[in-house]
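Please look over the model below.

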Amino acid sequence: MKKILISFVVFISLTSYSQNLQFRWNIIDSPINKSINLLKTDSPENFIITSHEGDIFHFINGTWHDLKISTDLKLNPFLFYVKNSILIASATDQKWHTHFFKRINNKWVKYQFEHDYPILKIFDNGENIYAIGAWGTFLVLEKSGWKVIDNPILNHIQQAAADQDGNIWLGVLSESVYKFNNGQFTAYPFEDNLKSNIYGIRIVENNSVEILTDNRIVYKFFEDRFIKIHTTNTSGWNSPSYEKFGFVGFDVSPSPTEEIKIEVPLDFKMVNHIFIPDSTIIIASRTGKIYIGRPSNLPQFINLAETYKIKGAFNSNPVGAAFVDINTDGFTDLFLFNGNQQDYSNFYLNNPGSPFTDGADAFKLLVNGASGNFVITDFNNDRLIDLVISTQDSTCHFLEIHENDGATKFKEKFSISLPKKFQSNYRRNLNTFDIDSDGDLDINISEYYGLHRIIKGGNFFIDNSWFGSKTQIDTSMWEVTSGWNVQTIFADFNSDESNELYIANEWGKNKLLFNYGGEWKDEAELRFKNLIRGESAGAAAFDFDNDGDLDIITISDTLFISLFKNDGKGFFDNVTEQVGLNSIFSPYIRDASKKNICLSDFNNDGFTDIFVTLNDPDTDRNYLMINQSGKFFEDYSEEYGIAYPSVTGAIAGDFDNDGDIDLFAFSDGSNFLWVNTLDNNNFIKIIPEGTISNKLGISAKIWLYEKSDDQEILQGYKQIGSDRFGKNQFNDLTVHFGVDKDKIYKVVVKFYGGRTVEKFDILPGSTVKIREVNLLAEFFYSTPGILYRFFREREVQYNLSIIVVTILLIYIGVMIGVKKFRWSSKSAIAIASINLFLFWVIYIASFDSHIRFIKYFVPLIVLGMSLLFTNIGFYWSSRIYQKRTSPLASDELFSLLRNFSHGEWASRNLNSLILFMKNWGNPNDTSYANQLKNRVDTYNQITSLNLIKIIELAGISDLNLTSLNPLSKLILSINNDLKDFQAISSKERAHSLALKFQQLKMNISLMLREVYSQYSCDPYSVLSEITENYFELFEEKKIKLSIHKDINSEHSVLIKPYELADIIDNLISNAVRSFNHPSNKFISIIISRKAPKIIIEVINNGSIISKNDYEKIFEDGYSKTSSSGRGLFLSRKILEKYGGSIKLIHSSLKLGTSFLIELHEGNKK
């Protein structure tokens, strides 16, 4: 049969007590494309495989021989047994009966014996061959054929093993274990009455028996029963003993005294294995493959793309990739750039110890990858990874900016249209660096060619500033960079602390541009010996020989790989042949569909290696050129396991954080995640964190020194961003150095902003973050950007607007309440707090809504309605309260003000305070101090309380006093000043208080005038209105009325008009009733002024009142007529309220009866 052998190197880690072995593997494709089982293995060139369906093949010296049983029976599944030259098979028919076969003279012969139940295992004890199976099946093969052994077992016999004494141990489902010896069966129980499946039985040292259950518990036979010895540790069994993500671990014992732990990749899909004494391991797989491993002293790469769920779809078309930490969790994520317009480019998020998570929901990008490029950058300088993508639509070419929001998603993208004159050019590459040294990463665009591929391209820049908010297109370097450009490197080649530009050109010579005072000049002809047109496809700069300067490597369509060694001053020699890189060559290199390189230290020896991929009509493979101490490169791709299949491109990074560099490679229809199994501690990782310069540390230089005695020996040099090759490929930005695990190191980082930072005594296995400045300086440098980016966010602007409007609404609502309804400070604060709390509850509840009206406007509407209803409630309650209390409060205020103004105690207290404050004496004078204290105490205990009462009454009265607010503020100020009387220790403060007390008196007088004006009236107008109502009655009764006014219209009287009207009306009514003669009846009213009072005298010539009744007539209820007797009583009470009086002056026939009313002058409104 045709030999099917694919040499493919994969890995398996094997360790013993004193060994740490790697395995180099060959994969053999078997003729069976389904799950197979290793039956017998004598050597890697001689083994037998089987399948449950009856397939059986014998592999001898590279050839497969089909040993399948030929029968008309429909049999399945099959079991096979082989030992020495004996080959036996059993199979179950559709009735669950078992048939047996034996291979004799290269032919299968069927036994006549047929068993009623399925067989589960065929084995031997060194003398006889046995079979076990369902429902207590136990058979022995004798010379005459198979024979049933009678036994007491009723359930399925799952496992069996024979010890050194010939005893056969039988494991029974959900029962105990039986020992069979000389026809006798003995049952032995488990200590915990086990009811489980038995996975295996084995014989260990001292002929002891151990049982492994399907839940990975091990029992050992001891004193006639099985006792539990440990859980989960299945060391030594042909089953996994432990798991590590991507691998399954088990143990093998090459010898009784040696135990080796083996880790097998899950992608092997192992069924079983056989370990050969020469340390060769053979594994059968569920995919039909055979893995043959031999020890190797080199690390290996395992493809675990399927295990990590990033293998890719069959029809996918990845054209780029990047290792980046997109969600800032400290683990390297993967970005895959898709070339199919209908498919998303996507991030895959790294979850340590588990598969990558598809980040499509968070970082979903649909771009025209086939015509586009991308670059990893930090566009807005916030230390988060952003994406810039060059793409196009039906109208124009443009850049899409995708800014990372730090919460596992991109913000809404924005675009930058490219200049119209460049619209016909083909964008070949994007790169990022700070060309203008302003701390913001700019975008370099390499244009390949123009219209009809005739017009040369060039380089221009997106000049980025103000944290990504301000961009402008800089085409000033277009002419000097003119060419068919494919890539631009920005790095320091001559160690002058200034970066140069190296431009790879496909149809012309490559350029090396130096900056002289802002003018860029191409010096490639001067600095490269025998410079020729290289037809370059890409380039990278790295220090291959660890001499502290950047060398240049290119790939072209003519020479393929070229390596140019830097002499330290920016002059280069071609050393390609000298270092052995010319060994990678193909005569069809110009027709290669894939050619690419990826640079990193894959074996942690401290020197940068080169991963190369090449696909042309002659070559279709990858190369791993291992750097031999900077002297030459040697291909170890087959030894490391990554020679095949060839891929389109690759990126490097330690995605699993185990200290070695892994490779992700992409190709049409399939991706590869080659996990490096070096797993040693020979590394140091450096993460530079810029502040003054760009945050990602792009263009930062890093030197690694070994500390040896008093010397520091350079062990490595890198400049971040310079070693990126080609387009759409980005290695992890973490700087990785391979080191000696027994040494101590020093790291020097020179940031692009110019600051140098050193770290000492770094041990291997360390990951070191190096900040450009200390945390305090970083805070001050970063705060403007943080604030700018924060307030620039549209969401933030919306939310801030909502908050401002909320505060404004609450302020307006509360101020309305304070002014209109006299809310106290406590009430205002309480109402504001309740409404603010209500707003936040509604706002938080609606925050995740995608409907803007609900998210932004509903909380404001609820808040506005709450404030509106609160004020409406206070309005109606105040209306009701005012109807009930306002007149009473006004009257009480009137009385209190009148008493306060006319009372000598108040005036005397205020006047004395003014006098003492104006004539400030010595506070140490005890007599003076005591007198002043007495007056202050009087104010605090009496005067101030009355003033506060005045303010309260004025607030609830219906008088609408303009003097209220100034008076209340002044009283509050005075009371605050007098809280600590001892604090008044200066003459200036005392004089200030004196002025306030004077102002207080003025404000009280102002309020008094305002209140008096509300309680004043024109007495003549009142008299005129009253007498008009009596005109007809006087005509009828022939009563003569006369009114004499001895005052002008400027004077008013302190009484409300309706109350004065009631008093006059009562006097006139009484006079009319007193007339008892038919003629010469008169009533005379005289109004006069006797400052500060107004006198009203009412005279009539009616009946005479006895002198004894002069006072009695003012008593409540006193009357000699049919009246109520209350008129004069109420009149006196009303007048007393205003400080007025009424009395009967005289009553005689000659002078008549005369009532005299005295009232204080009022105030005009």
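Predicted model: local features only at pLDDT ≥ 70, side-chain atom pairs only at ≥ 80, totals over all residues.

Residues are numbered from 1 along each chain as its sequence is written, and side-chain values use heavy atoms, with hydrogens and water left out.

The protein chain has 14 helices and 71 strands. Both are DSSP runs, numbered from the N terminus: helices are H or I with at least four residues, strands E with at least two. The radius of gyration, taken over C-alpha atoms, is 53 Å, well over the 32 Å of the globule rule for 1165 residues, so the chain is more spread out than a compact globule. That rule is 2.2 Å times the number of residues to the power 0.38. The C-alpha trace spans about 175 × 95 × 70 Å along its principal axes. Buried residues (under 20% relative accessible area, 1.4 Å probe, protein chains only) make up 53% of the 1165.

Now the helix pair. The axes of α4 and α5 come within 10 Å and cross at roughly 150°. Axes are lines fitted to C-alpha atoms over the stretch in contact, and angles run from 0 to 180 degrees between N-to-C directions. The two helices are therefore roughly antiparallel (over 145 degrees). Contact means heavy atoms within 4.5 Å.

| Helix | Residues | Contact residues |
|---|---|---|
| α4 | 794-821 | Asn799, Ile802, Ile803, Thr806, Ile810, Val814, Val818 |
| α5 | 825-845 | Ala828, Ala832, Asn835, Leu836, Phe839, Trp840, Tyr843 |

Terms used
Parallel < 35°, antiparallel > 145°, perpendicular 65-115°, else oblique. Buried < 20%, exposed > 50% of the residue type's maximum accessible area, 1.4 Å probe, protein only.
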